[in-house]
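Here is a brief report on one protein chain. Keep the sequence and the 3D view open while reading.

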Amino acid sequence: MGRAPTVEDVARRAGVSRQTVSNVLNSPDIVRPATRERVAAAIEELGYRTHAAARMLRTQRSSTIGIHLDPYVGGVSGVVLDRFVHALAERASDRGMRILVYAARTPEEEVARLTEITDGGEIDAAVLTGTFRGDPRASFLASRRLPFVAFGRPWDDGAEPAHPWVDVDGAAGTRQATEHALTHGSRVAFLGWPEGSGTGDDRERGWREAMAAASATGPRWSSVDDVAAARDVAAAGIGDVDAVVCASDSLAIGALLAAAAAGRGALPIIGFDNTPAAEALGLSSVEQRPEKVAGAVLRLLMGPDGRHVLPASAGPQPAEKLVAPELVIRTR
């Protein structure tokens, strides 16, 4: 053609009006399926691409989803959210959406940043990560009527979910891990974070349920998410257990070091997150599958086949989804 194809070119190729092409691009629900397919085929054949700025002016939509980028903290953890953001960007692009990544060091700072980008019309929707009890970000977005989905459940006890969310079933993951560990003996320890973390308490619950079902007993150890601290905690009891199930790979590496120092290098130890560090050390671990979470988030945000963000709705949201993790067993 020698030039970039236009809406008029698409209309001629599909045998429809310019307005019909515009409707397919901006309001596909009002166009008959057969006509949509004909226009879509013409767009594909011609390689037509919409001009983002012009489309934003015309539709008053930015076709952009905002998501917070967590600060870099180093160490073993952090890989899961990196994979999630990458998967979200990839899958959003398939739906004609872009991702705007913004930084904030505290929830309050994130609310301020969200205020700026929503007031400026920079995003049509948001995805929250790292939810916690009393999360101010969710109530802020709800008050703005901005559609959003959380990666992480609302942890407030007894509260009806006020927004859609997706989370990994942490209890199911540690339940799988504990059931496997019990094949090596009935005394299985759990090395978790201090009580009060929604995610940590959920992962501990899976261990407790599996131990109760097997009428087994084992100690519950507590450590901050730090390899050296976990090593010191595990060292005190590592000689008296048949296996260790951990709330994270950082804790599992600490337990591995304690076991090695005690001459128990073959002790079964299972982590959570299946990070590259766990893979390199040959540690068994629970895989979160953030790519599945990203797909579920976009389905809740845009519908199974939608190309536009669904409007925010008030009241309890029954659309929560738990993504099942997968236990990855390795032999050291």
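## Aromatic pairs

This is a predicted model. Start with residue Phe84: it is buried, with a relative accessible area of 0%. Phe151 is buried as well, at a relative accessible area of 9%. Both values fall in the buried class because the cut-off is under 20%.

The aromatic pairs in the model number two. One joins Phe84 and Phe151. Their ring centres are 4.7 Å apart, with 50° between the planes, and the pair counts as tilted. It links distant parts of the chain: Phe84 belongs to helix α5 (residues 79–94), Phe151 to strand β4 (residues 148–151), and 67 residues separate them.

Phe190 and Trp207 form a stacked pair. Phe190 lies in strand β6 (residues 188–192) and Trp207 in helix α9 (residues 198–213), 17 residues apart. Both Phe190 and Trp207 are buried.

## A charge over a ring

Another ring contact involves Arg203. The charged end of Arg203 sits over the ring of Phe272, at 3.8 Å from the ring centre.

## The six-stranded sheet

An open sheet is built from six strands, in the order β2-β1-β3-β4-β5-β11. The pairing is parallel. Which strands stand at the edges? They are β2 (98–103) and β11 (321–323). Each has a single partner strand, so one side of each lacks a neighbour in the sheet. On average, neighbouring strands of this sheet are turned by 20° against each other, direction ignored.

Strand β5 (residues 165–168) and β11 run parallel and are joined by three bridges. Val168 has Val323 in β11 as its bridge partner.

Helix α7 (residues 136–143) lies across β3 (125–129) and β4. Relative to β3, helix α7 runs at about 170°.

Helix α8 spans residues 170–181, which is 12 residues. From first C-alpha to last, α8 reaches 16 Å, close to the 16 Å expected at 1.5 Å a residue. Which residues of α8 are buried? Gly170, Ala171, Ala172, Gly173, Thr174, Ala177, Thr178 and Ala181 are.

Helix α1 covers residues 7–14. Its buried residues are Val7, Asp9, Val10, Ala11 and Ala14. Gly15 follows α1 and has a positive phi, near 70°.

Ser17 is found in the loop between α1 and α2 (18–26). The class follows because partly exposed lies between the buried limit of 20% and the exposed limit of 50%. Ser17 and Val7 are 10 residues apart in sequence, and their C-alpha atoms are 9.4 Å apart in space.

## The whole chain

The protein chain has 332 residues, and buried residues make up 49% of them. Its secondary structure comes to 13 helices and 12 strands.

Key: Residues numbered from 1 in each chain as written. Predicted model: local features only at pLDDT ≥ 70, side-chain atom pairs only at ≥ 80, totals over all residues. Heavy atoms only, no water. Phe/Tyr/Trp six-rings, centres within 6.5 Å; stacked < 30°, edge-to-face > 60°. Helix = DSSP H or I, 4+ residues; strand = E, 2+ residues; numbered from the N terminus. Buried < 20%, exposed > 50% of the residue type's maximum accessible area, 1.4 Å probe, protein only. Lys NZ or Arg CZ within 6 Å of the ring centre and 35° of its normal. Pairing = 2+ DSSP bridges. Axes fitted to C-alpha atoms, helices over the stretch in contact; angles between N-to-C directions. Contact = heavy atoms within 4.5 Å. Expected span 1.5 Å × (residues − 1).
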